[in-house]
Each structure stands twice: as structure tokens, then as C-alpha cells.
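Welcome! Please take a moment to look over the sequence and the 3D structure shown here.

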Amino acid sequence: MHLSSKTDVLDLQPFEICSIRPPTENYSLTFRLTRNCYWNKCAFCPVYKCGAKFSRRTADEVVEDVQQAKRIDDFLFEQGIGYPVYSEADFYKLQGILQRVQQQRWEAGIIDPDKGGTINSDGCNEIVTDIDDERMQWFMQWFVDRPTLAQCFEHIVQWRIGGGKTCFLGDADGLIVATKDYEKILSTIKRNFPTIERFTVYGRTKTARKKDVKDLLQLQKAGICRVHFGIESGSDDVLNLVHKGEDSRDHIEGCLKAKEAGLSVSIYIMPGLGGRRLSKNHARETARVINAITPDFVRLRTLSVFPYTPLMDMVKRGEFETCSDDEIVDEIEMLLTAIDVPVMLYSDSATNLLPLNGKLPQDKGALLSLIREYKSKDYTERLQYRLRARLESFVGQYGRITRDIEMLLDPLVKGNSIVIDNTHYVEDVILAIYNKLMP
Ligand code: SF4
């Protein structure tokens with residue numbers, strides 16, 4: 001049976017989606033202003049290390065994507081998606097709609113690929129495919145410069161279910177895009193999707209520092225509300241070590257300019273990034289930079305060393321010694337103690353051990369108490385806590401305990417409880433779980 005709708009099924013086309021985005025943008029509608037990261041040298045960053053190359057896009061290309069998204073949104077609404085309200089049940093309805101769309105297009109000679117593709121025509125992406133690490137494979141499946149129509153349908157429905165109010169514009173440094181392009185793109189998005197209230201981008205502090213405040217102000221006037229800066233550390237020694245390509249001056253001046261332009265500033269800090277040698281320096285200097293900026297949000301994302309990254313090579317060569325969980329707790333305690341400006345602190349990454357979420361300065365005492373309570377436990381109790389916390393994060397990400405983790409846990413299970421007698425083995429289990437968590 002053919003679908004009847006005002007929108008011609010044959011006119012539907014996929015648009016480019018940003019897979020890499022802040023956790024707060026998981027339900028956002030996304031458009032790609034650029035592809036991937038032009039810097040791509042940060043030693044700890046696994047995101048674009050397996051072949052994804054940077055490229056620019058024109059404002060017209062993005063505008064075309066917005067129009068495609070609008071066509072899909074209208075079409076899905078005409079098919080009853082969102083009736084009577086948008087809900088998870090729409091994902092079930094979507095399956096039948098997709099089958100009929102593909103059938104109708106197939107009959108008209110349009111074969112929709114069942115897998116997204118990457119861009120090869122201009123030599124852009126040569127994605128490495130024989131990767132043996134699960135987390136890296138997960139990253140790789142995100143690099144879909146040519147998503148399928150099905151992926152675009154799901155993206156729109158997910159955004160609608162999430163309330164339809166937010167939009168993220170990617171990829172890694174949205175601030176390199178010309179202000180006039182933003183004006184054109186944002187006005188098109190607002191016209192086509194008037195329910196959107198918040199537009200956000202990732203930015204590099206070096207780019208923000210080089211801009212005039214009036215440029216950033218124009219960006220804010222065009223509609224951008226918040227910039228997410230991955231500052232990682234305030235220590236120049238740490239930033240040098242990991243080839244961040246930015247220093248603490250970039251961080252401070254870039255973020256201050258963004259704030260002066262009325263943009264909300266959200267910064268990402270990476271506990272553990274200095275390794276054992278620079279841990280204290282990392283905590284002290286990061287607090288200094290936070291105090292100089294007074295960002296609106298500070299988000300903790302504990303270091304996880306990924307395969308295929310320069311940092312993993314440094315670890316293998318003995319040039320970087322990772323901190324233990326307990327050392328990272330000490331580092332965060334030092335950082336938190338030294339922050340003396342009002343900020344919202346979030347621990348919204350699966351790699352973090354302690355749930356340190358709160359408003360500073362009001363909640364500082366309570367957050368430090370949480371840290372001290374953890375530190376007051378004996379080693380076995382801390383192991384139990386760490387194992388439980390990592391398992392909870394694992395279930396949060398994967399939805400269940402998978403067979404491989406179950407097998408690792410088997411020797412520890414006695415009756416209904418987990419018994420910590422072989423502490424070396426438990427450390428190995430915790431590490432194995434941690435190495436499966438996505439930051
Ligand atoms: S700038 Fe961001 S995306 Fe690019 S390599 Fe560094 S951390 Fe990764």
C-alpha cells in the first residue's frame with residue numbers, strides 16, 4: 001500500500017547529523033556546519049583518530065540540510081508520528097512507515113542504502129575499518145557523513161520526543177564558521193523549526209580568543225546560546241603534554257570573551273589528564289583558570305586512555321603514568337577545594353567515580369563530604385564501592401550486564417553477594433569494566 005501525504009516520498013533526502021555532541025544535547029536536532037576536527041592532535045582524544053578528516057561545508061549546504069530535515073519532519077507528522085503526542089511508541093510506528101517509504105522509492109528506481117557512508121569522493125575520509133576495540137568501533141560507526149533516511153527519521157523523532165526545543169550545531173569547533181553563515185543558517189532553522197529555544201556549539205578557546213567580542217555578540221544575536229569548550233586542564237604543562245594546542249591564556253581570554261558577548265559557557269575538565277606526575281599541578285591550575293573565568297557550567301569527564309591514541313603510545317613507552325581511582329579522587333578534592341567562584345558542577349560522564357553534582361559555593365561542603373566519606377573507607381570497602389559504581393555505569397550505558405562481564409564477575413559471586421577476597425582480581429575486573437565505558 002502506498003503512503004498518501006502532501007510531501008512527496010521521492011523528495012525525501014538524508015541530511016548530515018552530528019553524532020559527537022555534549023550529553024546535554026542527546027535529544028537535540030543537529031546540523032553539521034563543518035565535518036570532524038581540524039586540530040585532531042589532542043593526545044587523549046580518540047574521536048577522530050581513525051581516519052575521519054576535517055572539511056568545511058558551505059552555508060547553502062547546511063541550509064539544504066535544514067530543508068531536508070523539515071521535509072522529513074512534515075512527512076512523519078502527516079504519517080501520524082506524534083499523534084496524539086510524541087512518545088517512544090513513535091519508534092514502533094516508524095518501522096512500518098520506513099518499510100513502505102523504501103518500497104515506494106524502490107518502485108520508482110531509488111535504492112536507499114541500508115548503511116550510512118563516509119565521504120571518499122574528495123579524499124576526505126578513509127575510515128579504518130579493521131579495529132579490534134569495541135569502543136573505537138562504536139566511534140567509527142558514528143562517522144556517517146551520508147546517513148541513511150532511516151537514521152534521519154529516527155533523529156527527528158528522538159528530537160521531537162525530547163521536547164523539540166534544542167538544536168546542536170557541530171562538529172568540533174563551531175566558532176570557525178563565519179558569522180554571516182550563522183545568520184543565514186540560524187534564521188533558516190528558526191523559520192522551519194520555530195519550537196527550538198536553545199542553540200549550542202562546541203568551540204575551541206583559541207578560536208574564541210582570536211575573535212572580536214562584537215563577532216561573538218553577533219553570534220549570540222543570531223541565536224547561539226551556549227558554547228561548550230573542552231578546556232580539559234588549566235595547567236600549561238598538562239596542555240603541552242597532551243598537545244591540546246591551546247594554553248591557559250586561550251582558555252581564560254576565550255571564555256571571558258564569550259561571556260562578555262552574553263554566551264553561556266560550559267567547560268569540560270578532565271581529571272587524571274596530568275597523570276601521576278602532574279596531578280597536583282593539574283588540579284591547582286585548573287582551579288585557577290575556573291576562578292578566572294567563572295564559567296556557567298563545569299563538567300567533569302575523567303580521563304580514559306583509548307587505544308589508537310598518542311596517549312596510549314605514551315603509556316606504553318612509560319612516558320605517562322595513569323592515576324589510580326583514589327589519586328583522581330584526591331585530585332578532584334584539591335580542585336573543588338580551590339574553586340571559589342559560583343558555578344554549576346556536573347559529573348555527567350560514565351567515567352566519573354563519584355556523583356559530584358551541585359551548585360557552588362552552596363553545595364561545596366556536601367560535595368567535599370562525599371569525597372571524604374569515600375576516602376574514609378578502608379581499601380576493601382573502596383573496592384566494593386568502585387566495583388558497584390562501575391557496574392552501575394556499565395548497566396546505564398549497555399542496559400544490562402553483558403556475558404563477558406558476567407563471566408568476569410562469576411568467581412566473586414558467593415550466594416547472593418559479591419565477595420572481595422582476591423583484591424588483585426577485583427582491580428582487574430574494575431579496569432575491564434572501566435575500559436568498556438564511553439566517556
Ligand atoms: S580539539 Fe576536541 S575534537 Fe579535536 S582532537 Fe582535541 S579534543 Fe578531539
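This report covers the domains, a pair of packed helices and the surroundings of the ligand.

## Domains

What you see is a predicted model. The protein chain is divided into two parts: domain 1 covers 17-73 + 109-375, while domain 2 covers 379-434.

Where the domains meet, five residues of domain 1 are in contact with seven residues of domain 2. On the domain 1 side of this contact, three residues are nonpolar and two are charged, with no polar ones.

## Helix 1 and helix 5

Two packed helices are described by the angle between their axes and the distance between the axes. Helix 1 spans residues 59-78 and helix 5 spans residues 179-192; they pack at an angle of about 10 degrees, and their axes are 9 Å apart. Angles under 35 degrees count as roughly parallel, and helix 1 and helix 5 are therefore roughly parallel to each other.

Which residues bring these helices together? Helix 1 contributes A59, V62, V63, V66 and K70, and these meet D181, K184, I185, T188, I189 and N192 in helix 5. By class, the residues of this contact divide into six nonpolar, two polar and three charged.

## Around the ligand

Now turn to the ligand. The residues around the ligand include three cysteines, C37, C42 and C45. W39, N40, V47, A172, R204 and G230 are also part of this shell. Sorted by class, the shell holds six nonpolar residues, two polar ones and one charged one.

Notes. Residues numbered from 1 in each chain as written. Predicted model: local features only at pLDDT ≥ 70, side-chain atom pairs only at ≥ 80, totals over all residues. Near = placed C-beta within 6 Å. Nonpolar A, V, L, I, M, F, W, Y, C, P; charged D, E, K, R; others polar. Domains from an automatic or database assignment. Contact = placed C-beta atoms within 7 Å. Axes fitted to C-alpha atoms, helices over the stretch in contact; angles between N-to-C directions. Helix = DSSP H or I, 4+ residues; strand = E, 2+ residues; numbered from the N terminus. Parallel < 35°, antiparallel > 145°, perpendicular 65-115°, else oblique.
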